[in-house]
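Visitor: Before we go through this, please show me what we are looking at. I will ask what each label rests on.

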Amino acid sequence: MRCPSCGFDGPEGARFCARCGVRLAFACPSCGAAAPPAHKFCAACGTALQSASTAPAAPATAAGEGERRQVTVLFIDLAGYTRLASELDAEEVHGLLDRFFARADRIVQAYGGSVDKHIGDCVMAVFGAPTAHGNDPERAARAALAIRDAVPALGEELGRPIGVHIGIASGQVVASGTGSDACRQYTVIGDSVNLAARLTDRARTGEILISDAVRRLLPERFACVELPAAEVKGLATPVAAWRLSGVTEAGLPPRRPFVGRRAELAQFRGVLETCRETGAGQIVYLRGSAGIGKTRLIEESRREAEALGFAAHTGLVLDFGTGAGQDAIGALVRSLLDLSSGTGVEPAQAAAERAQAEALIADERLVYLNDLLDLPQPLELRALYDAMDNARRQHGRRETVAELLRHASARRPRLLLVEDVHWADRPTLEQLASLARTVATAPAILVMTSRVEGDPIDQSWRAMLDGSPLLTIDLGPLRPGEAEALAGAYLEANSAFARRCLERAAGNPLFLEQLLRHAEERAETGIPGSVQSLVQARMDQLEPLEKQALLAAAVFGQRFSLAALRDLIERPDYGCDRLVEHMLVRPHGEDEFLFAHALIRDAVYDTLLKASRRTLHGRAARWFEGRDPVLYAEHLDRAEDPAAARAYLDAAKNRAGAYHYEPALALVERGLAIATGAADRAALTCLQGELWHDLGSMAAARAAYEAALAAAADDESAACRALIGLAAVKRVTEDLDGAFADLARAEDIAGRRGLIEELA
């Protein structure tokens, strides 16, 4: 089989060129037979093949606005070119460059890279743009080794020694069409381009230097030697580098018997059985790093529980994209009442009335249930709720959830699943502590998941449990045998894919699952090295409309509604079926979807250019205007719209009107962080004082009102409101003289300015 790079004739069926190392054939994913890169179907069994021998076509966005991509940049530079140019005739130099470029370009393309440009005697190649394969650092490293080994043969043809020095770096870049109307070229721009070029300059003849990021993404079989950190022109700090010398095809140990999370599942099974036998529950706390398999484990635990007769209910704590009534506790309450996520007011009201009629809650709890379901209070309850202080409302909400759980679990054992507690605020954590105390005396189990980073379950939270049992399970990477068993569930017919995926996944089940699915769908030997490049590779498989929809969906956060997505992409008939098929999103309730994992959403969102993010967030804000004041403000904020500060003020007033003071205070603080106008700052600070007053913190309230008075400057209306607030604080702290003095100043301003509301 003739090598497309160096022309060496190898034996039929050979996978790699014996001289230069370029891939000559691919193994059929079905029967294992070798197939030349140009073939689209296996000659032995007819299975469809995907060739890596041709350069990938630029995506639809290549000439448009561009995108952020995780790429690996490869620079190949001829060694001693200046000397060669002085010794050879210009025509000979031209011929040398032609043959060098032809050989290097073919190898780059054979490994799935794209030649970005030729700069003098240098080749710049990119792996990961315009099309990602997921294992682009490995492809770049193999291409570099093949080029290093192939170039000396070119020197033999010329009768003089010729070598190359090579640099490789990985990182995020902006990929787009760059230039003018007269000349526009698809290229990448970013620090990794500069670093790869500098590593090339540092490398000696025959050396391949790779950045630290590339080394971390390469499998252990790549032989590398660490070099001392060195100053690199254009970079602020010394850069670590590695010398890449070669690669060995070492196999993995034999597969072990299936033991996937057996110990953790056994613990959970014991909790379930004890709960059924004794009628008393327990709290289970699953903790681990992102992507370590918390979601997968609780899904398996849920199946175990449902098989034993438990009814399962799920709540998600989200850092962004949480709409009204969709917080974790609200979602649990709705689920306990057999309401799906996103249901309207009428079904929720009917459910509340049914809960009252069936004695799931006492009559006096209805006012709190209405609040938990985000329902308007009827007139006969509104005055009662208005008269309560914040502590009483919070206590009432906690007791209502606890009572609802006690009655519901008496009918059927319950499993409550609350994911991503690391994003929970203080009221949510207090509500979870109340639930934890409740399950200790009811046939119910509370399972919470959290990342290790930002773990909120500290000693003070545990103290709120009043001795309720808490089982903490810290999840680490899958053991080799467990990972092999997981791989076998996906690729039983092709262990070659599984072995390579296992090696790269390093026990992270999210990485492994995505790697294996990627291998199934693309039928190639590539192994993504990170979730970013993995998701990027899968995004490149999407049709333009599907990719547009996925990018738009990421703007909403982890959860999004189909109606909102359709509005954002201006396609009223769009459906998410293809995104579900690609396992990028999954259905969640009626007309709603979740990203398959928060990391997938983050990876998708990270590909958007800042300008595109601002535009999409601005359009999302228009969707939420009049629907959800909090999300309206958050999207305006991310759109960097000057109106965001005022929107946070309105959202905070909305939350305060529902007696949700802590969330309102957080909204005010964010508004103050971005407010630039004096009027907005004064209004926000004044509301901040009002909220601290209602929360009973008079010192903080006084400081806020004084800051509002200072911020008011020439705005006498704002100054008047701040003075009235200060007077209210001083009245409570028994500084009556000061209160009357502030009121007198406020009355003077209101009288002169005709401020009727303030005068009242």
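Visitor: What makes S16, S18 and S17 a sheet, and in what order do they stand?
Guide: Three strands form an open sheet in the order S16-S18-S17, with antiparallel pairing. Two strands count as paired if DSSP finds at least two bridges between them. S17 and strand S18 (residues 592-595) are joined by three bridges, running antiparallel, so the pair meets that definition.

Visitor: Why are S16 and S17 said to stand at the edges?
Guide: Strand S16 (559-561) and strand S17 (585-587) each have a single partner strand, so one side of each has no neighbour in the sheet.

Visitor: What kind of model is this, and how are residues numbered?
Guide: The model is predicted: local features need pLDDT of at least 70, side-chain atom pairs count only at pLDDT 80 or more, and totals for chains, interfaces and linings use all residues. Numbering starts from 1 along each chain as its sequence is written, and side-chain values use heavy atoms, with hydrogens and water left out.

Visitor: What makes residues 426-439 a helix, H13?
Guide: Helices are DSSP runs of H or I with at least four residues, strands are runs of E with at least two, and both are numbered from the N terminus. H13 has 14 residues. From its first C-alpha to its last it reaches 20 Å, close to the 20 Å expected at 1.5 Å a residue; the expected span is 1.5 Å times one less than the number of residues.

Visitor: Why is H13 called largely enclosed?
Guide: Eleven of its 14 residues are buried, so H13 is largely enclosed by the rest of the structure. Buried means under 20% relative accessible area, exposed over 50%, and partly exposed in between (1.4 Å probe, protein chains only). Among the buried residues of H13 are Leu429, Leu432, Ala433, Leu435 and Ala436.

Visitor: Which residues does tryptophan 461 contact?
Guide: Leaving aside neighbours within four places in sequence, tryptophan 461 is in contact (heavy atoms within 4.5 Å) with Leu429, Leu432, Ala433, Ala436, Met448, Pro456 and Leu470.

Visitor: What makes a set of residues a nonpolar core?
Guide: It is a set of buried Ala, Val, Leu, Ile, Met, Phe, Trp, Tyr and Cys residues joined through side-chain atoms within 4.5 Å. The largest here has 70 residues, and those touching the most other members are Val333, Leu337, Val418, Leu435, Leu446, Met448 and Trp461. Helix H25 (residues 644-657) gives the most to this core, with eight residues. A second, separate core has 39 residues, including Tyr111 and Trp242.

Visitor: How do you know that arginine 287 is buried?
Guide: Its relative accessible area is 17%, so it falls under the cut-off for buried. Arginine 287 lies in strand S11 (residues 282-287).

Visitor: Which side chains make polar contacts with arginine 287?
Guide: Aspartate 455, at 2.7 Å, and aspartate 474, at 2.6 Å. A polar contact is a pair of N or O atoms within 3.5 Å; within protein, one must be able to donate a hydrogen and the other to accept it, and residues adjacent in sequence count only if both atoms are side-chain atoms.

Visitor: Why does arginine 215 count as buried?
Guide: Its relative accessibility is 13%, so the definition of buried applies. Arginine 215 lies in helix H5 (residues 212-217).
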